[in-house]
Amino acid sequence: IENMMVTLSNWDRWGKEDELGTLNLITPKKRRQAAALVKDGVAVSLARDVIKNNIDGSPGFVHKMLKTGLSDEEIGSAGDEYCVAYHGFTQTHMDALCHYATNRGGKKIIFNGYPQDLDQDGCKDLAIDRMGPGYVTRAILVDMPLLRGVEWLEESTPIYVSDLEEWERFAGITVSSGDVLLVRGGRWAKRAKEGPWSYGRTGAGLHSSVLPWLKERGVSLLVGDAVNDVQPSGVRGIGRPIHTMTQVFIGLPLVDNGYLEDVAREAAARNRWEFMISWQITSVPGGTASPFNAIATF
């Protein structure tokens with residue numbers, strides 16, 4: 001991992017002031033390619049329905065009514081407010097590149113060499129509002145349970161490069177620059193049948209040896225149905241090497257807790273594992289994350 005911090009670094013690749021990282025790989029040509037994939041006009045959400053309860057080892061989504069419209073003074077209108085901590089194992093969210101840092105000479109550094117400069121108002125650099133308004137590109141779904149002929153991967157199952165390349169052969173498709181990579185481990189299918197658990201302690205996910213492959217293929221955004229990293233990671237002293245390396249050194253944003261059950265069903269019905277993906281970023285100044293309400297269109 002320490003060697004990868006040098007060999008996989010994208011610092012200065014798109015200039016010293018860059019704050020987009022691998023989102024730069026989503027070019028106008030890539031957007032046109034993605035639009036051409038729409039054949040049926042079927043749209044599927046990649047976001048999990050909000051989980052209000054404090055379960056899965058994560059804080060819940062707090063929903064409070066401010067107006068019910070039941071009194072004469074409220075003229076029949078209703079209003080509410082939401083409070084949510086996105087980082088965790090339940091809410092679907094996209095991490096900003098300021099979310100993770102590394103130590104260099106006793107100082108905390110984030111992607112592209114920016115200092116981790118933050119206060120109560122949020123991150124000064126690489127915050128979610130610096131990552132563009134939204135994107136359209138090609139997405140590729142890797143459905144590991146389907147490949148293995150199971151409903152889901154068991155807890156702590158690592159996914160290796162050999163698995164990803166076996167999927168490419170199965171699907172007849174190759175991951176290329178600017179693609180969004182969606183990796184389904186079946187976490188939500190398992191949870192629906194067996195109940196919630198703290199995925200941060202034992203969960204299927206990518207092994208750290210996949211990191212050079214992600215950079216080589218030019219993945220622009222990585223989406224998992226949990227925290228992307230296999231848990232436990234197997235790397236001494238680094239609990240989430242996929243998170244640390246992608247965000248701090250490669251500049252590859254992550255989406256945690258993506259809901260990939262519906263898109264897996266639609267892809268399997270068509271035997272087609274590439275499709276257009278589109279998402280808008282909620283531009284919170286200084287924010288470390290955005291809700292990820294992405295749409296896959298076949």
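This is a predicted model: local features need pLDDT of at least 70, side-chain atom pairs count only at pLDDT 80 or more; totals for chains, interfaces and linings use all residues.
1. If you want to click through the lining, go to V84, A85, Y86 and H87, then to T282, V284, G287, T288, A289, S290 and P291. Strand β16 (residues 289-291) gives the largest share of that lining, with three residues.

2. The disulfide. There is one disulfide in the structure, and it joins C98 to C123, with the sulfurs 2.4 Å apart. The link is right-handed, with 80° about the S-S bond. It ties together distant parts of the chain: C98 sits in the loop between β4 (93-95) and β5 (102-104), while C123 belongs to strand β8 (residues 122-123), and the two are 25 residues apart. Both C98 and C123 are buried. As a reminder, a disulfide is a covalent bond between the sulfur atoms of two cysteines.

3. What about C83, is it paired or in no disulfide? C83 is in no disulfide, and the nearest cysteine sulfur, belonging to C123, is 18 Å away.

4. The core. Have a look at the largest nonpolar core, which has 74 residues. L214 and W279 are the residues with the most contacts inside that core. Setting aside residues up to four places away in sequence, L214 touches L181, L206, V219, L222, T246 and L252.

5. Helix α8. This helix covers residues 261-270, and its buried residues are E261, V263, A264, E266 and A267. So what covers them? The elements include strands β1 (43-45), β9 (134-143) and β11 (180-184), along with helix α5 (187-194). Strands β15 (274-280) and β17 (295-297) are also among the covering elements.

6. N271 follows the helix and has a positive phi, near 55°. Then look at R272, which is in the loop between α8 and β15. Is R272 buried or exposed? R272 counts as buried because its relative accessible area is 19%, and the cut-off for buried is under 20%. Leaving out neighbours within four places in sequence, R272 is in contact with L37, K39, D40, A267 and F298.

Conventions. Residues are numbered from 1 along each chain as its sequence is written. Side-chain values use heavy atoms; hydrogens and water are left out. On a 1 Å grid over the protein atoms alone, a cavity is a set of points where a 1.4 Å probe fits but cannot get out, and a pocket is an open set with protein on both sides within 12 Å along at least five of seven lines; lining residues have an atom within 4 Å of a point. Helices (H or I, at least four residues) and strands (E, at least two) are DSSP runs, numbered from the N terminus. A nonpolar core is a set of buried Ala, Val, Leu, Ile, Met, Phe, Trp, Tyr and Cys residues joined through side-chain atoms within 4.5 Å. Buried means under 20% relative accessible area, exposed over 50%, partly exposed in between (1.4 Å probe, protein chains only). Contact means heavy atoms within 4.5 Å. A disulfide is a pair of cysteine sulfur atoms within 2.5 Å.
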